[in-house]
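Good morning, and thank you for making time for this presentation.

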Amino acid sequence: MAKQKSWHSLAEYQAIRAMMQGGTTTAAAQRLGLSQSAISRSIANLEGRTGLTLFEREGGRLRPTEEAVRLNRRLDPLFDALDRIEGPAEPVQETLRLIAPPTYAHRFLVSQINSFLKANPHFFVSLEVNTSDEVIRGLLDDRFDLGVTGVEQSRAGVKLMPYRVSPAVCAMPKSHVLADRTTIGPADLHGQAMVALTHRHARRAQMDKLLHEARATPRMVAEVSTSFAAIDLAKEGLGLTVVNPFPVYHYRFDDLAFRPFDAPIRYHSYFAVPARRPMPRIARAFIRHLRLHTPQDPFSRKA
């Protein structure tokens with residue numbers, strides 16, 4: 001005959017717990033808000049179910065047996081767990097898994113993360129610097145909560161939220177021959193030493209088309225993969241460059257001359273989030289922080 005499966009009664013465990021703490025059925029009943037008969041009945045049921053003698057009457061009082069002491073000790077983890085369930089929630093440090101390409105990450109986002117965490121010391125940020133393609137891939141793979149990107153990639157599963165928009169600018173040393181112009185157009189670049197973005201950037205093809213239409217042939221001296229690298233080479237005097245002024249302007253406005261580039265080029269910056277799951281609270285907080293604390297500049301504006 002199969003052994004009957006044991007079952008448990010929280011009311012019985014509470015009764016022996018109260019008896020061990022109060023010492024009498026009266027004190028146990030008061031502790032649990034029950035009658036003395038209910039306490040006695042629970043103890044009797046527990047003894048009958050376990051086959052243990054838990055209390056012995058001695059001089060008009062009930063004295064716990066060794067079995068009762070051992071059982072009460074074994075119940076400690078259960079009541080500790082119940083206390084944790086009903087007690088105040090343990091603080092949990094929320095983590096923001098953030099990814100962005102170098103142009104946004106290295107200086108601009110680092111500064112923003114610093115101010116964000118100073119204002120919210122209970123938060124934690126994990127930042128990965130990677131390509132714009134990897135921003136989208138990482139969000140699709142659920143490895144990140146939030147991305148910042150300047151590439152418009154329409155991908156199912158990723159939601160893009162407009163952040164900033166800006167026209168193209170021409171950046172050059174302040175001593176450059178074109179630095180006294182109020183605006184610079186494609187034709188003005190003819191014969192000038194120029195640092196360009198690599199052909200993998202969509203804007204490179206757009207720039208080549210504009211130069212071809214203006215019959216301008218700059219002297220291409222270098223190709224780079226980021227706007228920061230382009231303006232750093234311009235600062236070294238290698239040549240001028242045409243870039244998105246956001247956010248590079250904030251870190252080079254003292255070093256270089258920035259002039260509007262007269263061409264129909266617009267750059268958009270986005271917050272990117274997974275579309276198939278709710279946005280974490282910390283991601284919403286960081287987006288709000290960026291929208292409120294992004295410094296003003298003469299070129300970019302809120303999208």
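**The pockets and the overall form**

Three helices, α6 (102–119), α7 (132–140) and α8 (202–213), each supply at least two residues of the lining of the largest pocket. Helices here are DSSP runs of H or I with at least four residues, strands are runs of E with at least two, and both are numbered from the N terminus. This is a predicted model, in which local features need pLDDT of at least 70, side-chain atom pairs count only at pLDDT 80 or more, and totals for chains, interfaces and linings use all residues. Residues are numbered from 1 along each chain as its sequence is written, and side-chain values use heavy atoms, with hydrogens and water left out.

The largest pocket has a volume of about 600 Å³. Of its 23 lining residues, S132, G150, V151, R200 and H201 are the closest to the centre. A pocket is an open set of points on a 1 Å grid over the protein atoms alone, where a 1.4 Å probe fits, with protein on both sides within 12 Å along at least five of seven lines; lining residues have an atom within 4 Å of a point. The volume is the space filled by probe spheres set on the points, which are joined across faces, edges and corners.

By class, this lining of the largest pocket holds 8 nonpolar, 11 polar and 4 charged residues. Nonpolar covers Ala, Val, Leu, Ile, Met, Phe, Trp, Tyr, Cys and Pro, charged covers Asp, Glu, Lys and Arg, and the others, Gly among them, are polar.

Which helix gives the most to the lining of the largest pocket? It is α6, with 3 residues. Helix α6 bends by about 50° at L109, the bend being the angle between axes fitted to the seven residues ending there and the seven starting there. L109 is also one of the buried residues of α6, which include Y104, F108 and F116; buried means under 20% relative accessible area with a 1.4 Å probe, protein chains only.

I turn now to the second largest pocket, with a volume of about 200 Å³. It is lined by 11 residues, of which H8, Y13, L71, R74 and L75 lie nearest its centre. Helices α3 (36–50) and α4 (66–74) each give two or more residues to that lining, and α3 provides the largest share, 3 residues.

Finally, the whole protein has 11 helices and 13 strands. Its C-alpha trace spans about 110 × 45 × 30 Å along the principal axes. Buried residues make up 43% of the 303 residues.

Note on methods:
Buried means under 20% relative accessible area, exposed over 50%, partly exposed in between (1.4 Å probe, protein chains only).
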